[in-house]
Every structure is written in structure tokens, then in C-alpha cells.
Amino acid sequence: MRTLQFTANCDKHIKTDAQGNACHVTQAYVTDLLSKQLSEYGFKAETTTTEDNLAVSVENHPIGLGVHCHLNNEGVLTCQISAHADEEQVWFKKIETQSMVKQLANAVENTLKKDDAFSGFQWKG
């Protein structure tokens with residue numbers, strides 16, 4: 001699993017929710033942006049939401065891939081890119097999975113870097 005951490009400038013997307021938190025709009029914005037722009041890189045994305053996480057799942061490749069983003073209280077958005085592969089698969093399938101994760105990671109980073117609301121990109125893990 002690879003993790004891309006970056007700073008989200010919440011001031012660029014101010015719309016305060018019932019609890020006074022403007023950054024939830026940024027989470028929704030990232031998910032919407034990724035779901036629309038990842039197609040430029042050959043991925044078909046589906047948006048799903050849970051309580052604190054927003055996810056873009058990539059379904060059109062034989063390997064299940066997902067991008068899950070979470071915003072902390074300091075305004076730092078962390079996106080995890082994961083592959084849901086069978087551990088019993090043969091070695092060349094594992095290499096294919098790793099390749100797809102790298103392609104998705106590059107697509108996510110390049111998409112987000114186009115938007116000046118995000119800065120301080122750093123890969124972890």
C-alpha cells in the first residue's frame with residue numbers, strides 16, 4: 001500500500017457544514033475530482049462514501065484498486081492507494097498488481113497537482 005500525504009487549503013473550498021467544518025467540502029471535492037479525472041489515465045472510477053472516508057474505487061482492471069482519503073484536524077489530507085489482490089496469485093500477477101498500483105499512484109498525484117488548492121505532496125510507505 002502506498003500513501004500520498006498533502007496539504008489541502010480549505011479556504012479554497014469554504015462551505016461550512018452543520019458542525020462548522022469547511023474541510024468536508026475539500027474531501028468531497030477531492031473525491032469528485034479524482035472520479036472525473038482518473039479516466040484520463042485509463043481508470044474508471046466509482047465514488048463511494050462512508051462516515052469519515054471518501055473513496056474512489058477503480059473497477060475496470062482485473063485487479064481491484066482503491067483510493068481512500070481522510071482529512072485530519074490539521075488540514076492534512078492523506079490518501080491511501082491499495083490493491084485488493086489474492087495472496088495466492090502467481091508471481092507475475094503480483095508484479096502486475098504492483099504495476100497497477102504505481103500507475104494509479106501517479107495518476108492520483110498528477111491529478112491533484114493540477115489544482116493549486118493542494119500542496120506539500122509527500123509519499124509515505
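Reader: In which strand is T47 found?
Author: This is a predicted model. In it, the residue in question belongs to a strand that covers residues 45-49. T47 is found in strand β2.

Reader: Is T47 buried, partly exposed or exposed?
Author: The relative accessibility of T47 is 43%. Buried requires a value under 20% and exposed a value over 50%, with partly exposed in between. T47 therefore counts as partly exposed.

Reader: Which residues does T47 contact, leaving aside its neighbours within four places in sequence?
Author: The C-alpha atoms of T47 and V67, 20 residues apart along the chain, are separated by 9.8 Å. With neighbours within four places left aside, the contacts of T47 are T31, S35 and A55.

Reader: How far apart are the end C-alpha atoms of α2?
Author: Helix α2 runs over residues 91-113. At 1.5 Å a residue, its 23 residues should span 33 Å. The model agrees with that expectation, because the end C-alpha atoms of α2 are separated by 33 Å.

Reader: Why does E109 count as buried?
Author: E109 has its place in helix α2, where the buried residues also include L104, A105, V108 and L112. Beyond residues up to four places away in sequence, E109 touches L4, F121 and W123. A residue is buried under 20% relative accessible area. E109 counts as buried because its relative accessibility is 13%.

Reader: What is the length of the polar contact that joins the side chains of E109 and K113?
Author: An α-helix has 3.6 residues a turn, so residues three or four places apart point the same way. The side chains of E109 and K113 are joined by a polar contact of 2.8 Å.

Reader: In what order do the elements of the protein run from the N terminus on?
Author: The secondary structure comprises 2 helices and 6 strands. Among contacts with a separation of 6 or more, 54% are between residues 24 or more positions apart. From the N terminus on, the order is β-α-β-β-β-β-α-β.

Notes
Residues numbered from 1 in each chain as written. Predicted model: local features only at pLDDT ≥ 70, side-chain atom pairs only at ≥ 80, totals over all residues. Heavy atoms only, no water. Helix = DSSP H or I, 4+ residues; strand = E, 2+ residues; numbered from the N terminus. Contact = heavy atoms within 4.5 Å. Buried < 20%, exposed > 50% of the residue type's maximum accessible area, 1.4 Å probe, protein only. Polar contact = N/O pair within 3.5 Å; in protein donor to acceptor, adjacent residues only side chain to side chain. Expected span 1.5 Å × (residues − 1).
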